[in-house]
Amino acid sequence: MATRQRQKERQLVGDVTDFDLNVFKIVDVRGTSVGVVRTATGFYALRNHCPHQGAPLCLGKVTGTMLPGRPDEYEYGLDNEVVRCLAHGYEFYLESGRSVFDVVGSRARTYEVEIEGDKVWIT
Amino acid sequence: MTTGRDADANDNGTMIIDCDVHPHINGPHDVFRYLSEAWQKRFDNKEFKMTARAMDRYPHPDGNSLRPDTVPPNGGLPASDPEFIRTHFLQPYGIDVALLLPIQGAAVNAWTDPEAASIFTAALNDYFIDEWASKFDEYYLAVTVNPHDPPAAAEEIRRHGDTKGVGAVWLPLINALAGSRYYHPVYDAAEECGLPVVFHPTGAEMSYLGVPCVAGGVPRTYAERHALFPQIGQSTLASLVFEGVFQRFPKLKVGLVEWGFAWMTPLMWRMDKEWRNFRYDTPWLTEPPSHYVREHVRLTTQPIDEPQPTSADLWKLMDMISLDEMLMFSSDYPHYDIDDPKIVLGRMPAEKREKVARSNALEFLGDKIAAAVA
């Protein structure tokens, strides 16, 4: 029963080849705007809605960011593991939707992505 | 703009007045029809610049201070297409009045040529009246005036005193505090025409000699500079009050736009305390400073402070001085830090919301606009 329920809820969002590296594709999942992205480490899906003020989060950049460090030191890391909102610049991990370095308590909603053959499914 | 949500602004039936929208021209050629051939030649220069923020000094950390999804379909600058803003921002959010503050004109506070500044701001005013305010019911222009030449600024205000679609005057500041007698011709004309005067950053701050700067030195980064803008709002307010501008111009209304507002509570306390100590220092103030602020000054919401984990502390600060009577909604469209009207107003306690969304601004902008949207 659980399996049938799951199969009912998952949704095909395209072929693997439809996804350019590190570029969000915006899809409709049961009436909700969701961004799906392929990076070097896998596929990720987040609700296209910033938990801060509701801006379209997945129109922001897939990027890395500056790591915490000593004064005057800039070290870039997390390359292509982060989405930065195009509005106020809030950053969230693609994988977990959590705020990068816990700057804010809220998190972006994530969706499970499954690859079967060359098909990309969202649950 | 993509809102990222199913926007239907009228959840509570209140239409919104947005007191800070920045329309753009795509280049000086857009206003050439208002200029003599000689001024066209002067401005037709590849080094002509209409952005006052020095990019070598304060580059935006993400590379763009304009929100990418505000770019209109024709590819022009964000907020250069009045119809696109209507359909993608104003209408989805239920905004029926947008006060236009053309930042490219106000950036003349960084210029050194006062005649060029008068000519350019007048041309921009004509353009935004002809192409925006006279064609669309929602748009009201704050005519930009030249701070380098107050008599010319006054003349420009009087030229538009009865112009349909003009809702305010934007006086960009130079290195004279707002209460200085230097600006009296501007206030005289604005009062005579029944137009409120608004003060708003132009981008020049901390980038040029001769413009408002923050105390003590030059901030290092974009974020540090941005965090300190309230200083200029505070200096502007205190100067207007203590100089006695509101005694000289008793019908003058002033709007402090984008300087923050949470600082108002302790500043009102402190100004009143100084007045109690030293009333005889400014004997023209027959009432405490907070009295004049309440009578004459309004502030705007964006960029709203966001104390964590909730905004409850902000509402407490407001309640301490009944700031909800003085606050007006603003979005700052199309800048990166647009405040979403539904989020900002939705967080606000219900008894404050209508005043901030609408009625305070209607009163501020005056009978002409109130009658138009009634």
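1. In this note, a residue is called buried under 20% relative accessible area, exposed over 50%, and partly exposed in between (1.4 Å probe, protein chains only). The structure is a predicted model, in which local features need pLDDT of at least 70 and side-chain atom pairs count only at pLDDT 80 or more, while totals for chains, interfaces and linings use all residues. Residues are numbered from 1 along each chain as its sequence is written, chains are lettered from A and ligands numbered from 1 in the order in which they are written, and side-chain values use heavy atoms, with hydrogens and water left out.

2. The interface comes next. Contact, meaning heavy atoms within 4.5 Å, involves 16 residues of chain A and 18 residues of chain B. The two chains bury about 1400 Å² between them, with 40% of that area on carbon and sulfur atoms; buried area is the accessible area (1.4 Å probe) that two parts lose on being put together, summed over both. On the side of chain A, Gln53(A), Leu86(A) and His88(A) lose the most area to chain B, together 38% of what that side buries.

3. Salt bridges also cross this interface. The term denotes a side-chain nitrogen of Lys or Arg within 4 Å of a carboxyl oxygen of Asp or Glu. The structure holds 28 salt bridges over all chains, and 3 salt bridges are found across the interface of chain A and chain B. One of these joins Asp72(A) to Arg220(B), at 2.8 Å from N to O.

4. Another salt bridge pairs Lys61(A) with Asp62(B), at 3.0 Å from N to O. Lys61(A) belongs to strand β5 (residues 61-66) of chain A, and Asp62(B) to the loop between α1 (37-43) and α2 (82-93) of chain B. Helices (H or I, at least four residues) and strands (E, at least two) are DSSP runs, numbered from the N terminus. Lys61(A) is partly exposed at 41% relative accessible area, and Asp62(B) is partly exposed at 23%.

5. Within chain A, Glu91(A) and Arg84(A) form a salt bridge whose closest N and O atoms are 2.9 Å apart. Glu91(A) is buried, with a relative accessible area of 18%, and Arg84(A) is buried as well, with 15%. A further salt bridge links Asp102(A) and Arg98(A), at 3.1 Å from N to O. Asp102(A) is exposed at 52%, whereas Arg98(A) is partly exposed at 39%. Through shared partners, salt bridges join Lys61(A), Arg84(A), Glu91(A) and Asp62(B) into one network.

6. Which bonds join the cysteines? A search of the whole structure finds 0 disulfides over all chains, a disulfide being a pair of cysteine sulfur atoms within 2.5 Å. Cys85(A) is in no disulfide, and the nearest cysteine sulfur, that of Cys50(A), is 4.0 Å away. Cys85(A) is buried, with a relative accessible area of 2%. In chain B, the sulfur of Cys193(B) is too far for a bond, because the closest cysteine sulfur, in Cys19(B), is 20 Å away.

7. Where does Cys213(B) lie? Cys213(B) is in the loop between β5 (197-199) and α7 (222-227) of chain B, and is partly exposed, with a relative accessible area of 40%. Leaving aside residues up to four places away in sequence, Cys213(B) touches Met206(B), Tyr208(B) and Ile232(B). Cys213(B) and Ile232(B) are 19 residues apart in sequence, and their C-alpha atoms are 7.1 Å apart in space.
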